[in-house]
Amino acid sequence: MVASKCAFHVAAVVGVTGQAEASAISRVFLSSLKLAPVQTAALDPSAYCETPVYNPDLCPNMIAAQAKLVYHLNKYYNEKCQSRKAAISKTIREVCKVVSDVLKEVEVQEPRFISSLSEMDNRFEGLEVISPTEFEVVLYLNQMGVFNFVDDGSLPGCAVLKLSDGRKRSMSLWVEFITASGYLSARKIRSRFQTLVAQAVDKCSYRDVVKMVADTSEVKLRIRDRYVVQITPAFKCTGIWPRSAAHWPLPHIPWPGPNRVAEVKAEGFNLLSKECYSLNGKQSSAESDAWVLQFAEAENRLLLGGCRKKCLSVLKALRDRHLELPGQPLNNYHMKTLVSYECEKHPRESDWDENCLGDRLNGILLQLISCLQCRRCPHYFLPNLDLFQGKPHSALENAAKQTWRLAREILTNPKSLEKL
């Protein structure tokens, strides 16, 4: 019943494309429902190629359509995505000059906050691109050793740091930020850091072009009235893996393989001092002092190989151009998360060959629509954490409609990518 309803929905949206094409699209949609699985009958081999072999006698219409889509996607990547990357790279250099200067002034005032913003292999460690005009810089702190990492799942997406022994309080570099209960307070550290940054902005050499963003507990800078940079104190955690992510990797899924799993877990995770949207409205001391779990480097390592990063670049460009909507329902992290889920659904490396780019993009867009309609997008490593939490329902519905239009346009007329 669910399957037929979904197929009807897709066919109705596609409309004029014809029964055969709507059927093909509905098959892609059904296979994309990883987060709400449905049982489907075996696919007709005459309409689907298990491996994309360019044989004119084997489903020639689908092969021709696939090749056409891949051609236009590669053109889109070379023209739109590469120019987007170049523009963002230029912006990052401009932004990092200002941030580095501010952090130097912070370090003069308070040597415990040492800038960790450094360039390696043409990228800045700890810098995340939220959008072409919004960035986050993670400032790695020293000495977490006297604290235990407590991750019992009671705080979705978060953990606390508790003194391993009350007698070690005086041994901590952050002694004045430890609560009476023995927790290292993320909120207190962030508050102190915010004060230091505000003072540094007034003293730095870029004070004419940078100012603090008011009315937030986060540490945010507005640069040249064009860019916003959040600076987040954090601890890097290596050699341990959170209990709330212990289910990963799923035992019945062959991706990413034992060697890559070992690399990802060795990469570890970060604990960020920032507001956690899953804790909004909660008041207990442990929750207000909690640290947010982040897996940026682990996620980046998972997307190595094949056309995974190219697929993500295309999705980011499409989001920036067409899915920057009121209420901010979608960001690039949602796209990154869904690429990881697509890797699980298509675990073979051959599934990520360049000539499969169109299939993977279609699958992710249709999965995104499913998530928007269900109003739930689970975090890849922490599935109890919903990345849509707090988003207005009307904004999610609008995003679903816009994504439908975008997916339909790409599916039925790949040449439209020249104008998208």
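## A strand and its partners

Met 212 sits across from Leu 221 of strand S8. This is a predicted model, where local features need pLDDT of at least 70 and side-chain atom pairs count only at pLDDT 80 or more, while totals for chains, interfaces and linings use all residues. Residues are numbered from 1 along each chain as its sequence is written, and side-chain values use heavy atoms, with hydrogens and water left out.

Strands here are DSSP runs of E, at least two residues long, and helices are runs of H or I, at least four long, both numbered from the N terminus. Two strands pair if DSSP finds at least two bridges between them. S7 (residues 210–212) pairs with S8 through three bridges, antiparallel. On to S9 (residues 227–237): S8 is joined to S9 by four bridges, also running antiparallel.

## Two faces and a turn

In a regular strand the side chains alternate between the two faces of the sheet. S8 (residues 220–223) has Leu 221 and Ile 223 on its covered face, with Lys 220 and Arg 222 on the uncovered one. Three residues lie between the strands in the S8 and S9 hairpin, and Arg 224 there has a positive phi near 55°.

## The nonpolar cores

A nonpolar core is a set of buried (under 20% relative accessible area, 1.4 Å probe, protein chains only) Ala, Val, Leu, Ile, Met, Phe, Trp, Tyr and Cys residues joined through side-chain atoms within 4.5 Å. Which residues touch the most other members of the largest one? Leu 184 and Phe 381 do, in a core of 105 residues. Helix H3 (residues 60–109) gives the most to this core, 14 residues.

Conventions
Buried < 20%, exposed > 50% of the residue type's maximum accessible area, 1.4 Å probe, protein only.
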